[in-house]
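Subject: Structure handover

Hello,

Here is the structure I promised to pass on. Please open it and keep it beside you while you read my notes below.

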Amino acid sequence: MNQAEQLIREISKGLLKWYDFKPHSNVLYTGNSHDPAAEALAEMSLQVVSVPSDQIGNQRWQQTYQNYFDYVVCIEALETEPHPQRVLIIFRKLLKTGGRLLLGMNNRLGIRYFCGDRDPYTERNFDGIEDYCRAYVKKEDVFRGRMYSQAELKRLLRDTGWESFRFFSVLPDLKNPCLIYAEDYLPNEDLASRLFPTYHEPGTVFLEEQRLYTTLADNGMFHTMANAYLVEGICDRPVPEEDAAKSLFSDISQVTCSLERGREFALFTIIYRTGMVEKRAAYPAGRKRLENLVRHGQELAARGIPVVNATMEDGVCRMPYIDSENGQVCLKRLLLTDQEEFLNRMDHFRDLILQSSEIIEPDKGDGSGPLLKRGYLDMVPLNSFYINGTFVFYDQEFCEYNYPANAIITRMIATFYAGNIEFQKCMPMEQLFERYGLTARMERWRKLENEFLARLRNEKILAEFHKTCCCRPETIHANRQRMNYPEEEYQRRFVDIFRNADTRKLVLFGSGLFAKTFIELYAAHYPVFAIVDNNRDRWGQMMGGLSIQSPELLKTQRPGEYKVIICIKNYLSVMKQLNDTGIGEYSIYDMHRDYRLERRSGMHEQRPDKEEHVHKPYHTGYIAGVFDLFHIGHLNMFQRAKEQCDYLIAGVVSDEGVRRNKKTEPFIPFEERVELVRACRYVDEVVGIPLNHGYSRDAWRLYHFDCQFSGSDYADHPDWLAEQEFLQRHGAQMVFFPYTESTSSTKIRAMIEKKLV
């Protein structure tokens, strides 16, 4: 098991490891003893018996273990039972009086399924929402499982004799239990910045789930539409008084799990109904972090920074529960209602960051800002309350010595805006960056923040998990687009954007990042005639060798002689502008979408394969390189590649690409290297590699090849292995050829420099 797989297993254990099991109790787990949940129970000094749910119906087994167990734990197993009532009745027989059932169940009305995620049992969209009316209706349909709503689960429990039970809502899901809320408790923070949803099939999602939870809570639907539940049931006689029943259950209102951080950083934050908050280290290695948290709070308080008082007792960090408005929520409210006061409060927040530590180097006026002796990286709105006109901080776990204040101020702004599109409309984030003098060195500040978050969230280890289970914003955007247009119009506007582009003048509408990327990737294939923009300040500026002009240029062109490609992220207003002026020949470019290039003439000339047809492993192959000082090694690679594919594309690095990536000057100019490669009889097509888009994944998005060929000297390089994983996910391969030891461009260059040739 690799490091990522082990960490993913640990994350799923968070569903149970916060619960206060009585040590050495007898636990029945319905599943395999190697399941993460079974391992979690065993790690908590419990006596675990693991039995698949389809075996607990055995009469002899039931008699052996009747009234034996203190706990029954059933996670995602009851859903696969055709008759769950029978299983729930058996659970009561196996538990002691007062024993507890912990039942993990997915919710068929979970918000994730309304956002487009697939049902985990039928592997189709919306089956659970429709109560499976279209599933399991044919004789050949095999029952694999189904989910239940909260009301259905309560009915199942009552019908099988369970009178005392309590629901906990689990987000994002049972395998990734980051946030757990008791049914009588609601979050007091904006989950848009806190929650990162995961899905069974992220490719079908069309709504940003994390942005919906505040609305659900405001309308009394938060728990009804939770993605999953952990149900705590008690095996006893009906309790007549409601207060007496409540006293039997766990005294916990909310649990926050951070097991994805690894053993050193993973914590459980537990809010009790009694008004106390506990932070527990998930592993012994994490107790040092709790000690740091308490010490940092004391250091901040000594500097006059308001903090929630925290103490360490028996290896657990405790602090009082604060029933006040979260700092993030307060600033959000002000931004939407009183922007002047919002700026005042942001100024105050910035001042608290500057006050938090001694300044060992003052601001030099060059954009670097002051240097703090101690930089508390989590002084952000999410980790604060707003009380009596000031921000009161908590969870200041992380501190770096000799740290730039501007990096923390940048993080203050970035975390506030994260996941909140409407904030940008009210006040662009860049306005605050300008206000606090951050723009001159913004790249450095964002890099520091990204490095901190990447380490904290173990993003490198979990990269593949995130690719598989998390939905990219551009995917959501593209899926929404498909729903907004009839099929024919969607195809014409968003998919076949190069239709007629080779026979008409191509005009780009927009002069920002989208247009720049389009030019870098496609201008060599589809020459751009003109660039227009509504922003007067950009008229006359140069981009891609063209002067940016007013959209009035379009009125001087004859219909049918030009095509517009909109290169703007928020394209709707430009679409309306073109429609209102009667321009219908336009498409929308999305820099996150893959477009297949049509084979063209000129630099990308196709050479028909004159050889007799021989079956080869791949149809289209791709090989990339500088191909400077063309030698036998290059020729061998082309020959071997051509032996394995019908059509071979060779990508040639530009002169600037050589300077940037190899820190040297090519001996042979780009245009000549292209001609040398084109002259090779094994190569069918030669293409230039765009300067800023030279990865294998970039080439695949352009040419959709079946295989990339490379020298064996890159076979174990981490970057190439990552590109290989990308190609494999998209149905392509990467093949490494033995490196020609006797000859290389580097050796030839060395000989030339030594004047040996």
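Start with helix H6, residues 150-159. Its buried residues are Gln150, Glu152, Leu153, Leu156 and Leu157. Buried means under 20% relative accessible area, exposed is over 50%, and partly exposed lies in between (1.4 Å probe, protein chains only). Helices (H or I, at least four residues) and strands (E, at least two) are DSSP runs, numbered from the N terminus. Those five residues sit on the same side of H6, because they cover an arc of only 160° around the axis. The arc is that of the directions from the helix axis to the C-beta atoms. An α-helix has 3.6 residues a turn, so residues three or four places apart point the same way.

This is a predicted model: local features need pLDDT of at least 70, side-chain atom pairs count only at pLDDT 80 or more, and totals for chains, interfaces and linings use all residues. Residues are numbered from 1 along each chain as its sequence is written, and side-chain values use heavy atoms, with hydrogens and water left out.

What covers the buried residues of H6? The cover includes helix H4 (84-94) and strands E4 (95-106), E5 (164-173) and E7 (228-234). Contact here means heavy atoms within 4.5 Å. Axes are lines fitted to C-alpha atoms, for helices over the stretch in contact, and angles run from 0 to 180 degrees between N-to-C directions. Just after H6, glycine 161 has a positive phi of about 95°.

Next, the sheets. Two strands pair if DSSP finds at least two bridges between them. E10 (276-281) and E12 (316-320) pair in the antiparallel sense over four bridges. Methionine 276 stands opposite proline 320 in E12.

Another open sheet has three strands, ordered E13-E16-E17, with antiparallel pairing. E13 (325-326) and E17 (390-393) stand at the edges, each with a single partner strand, so one side of each has no neighbour in the sheet. Helix H11 (339-355) packs on this sheet and touches E16 and E17.

Best wishes
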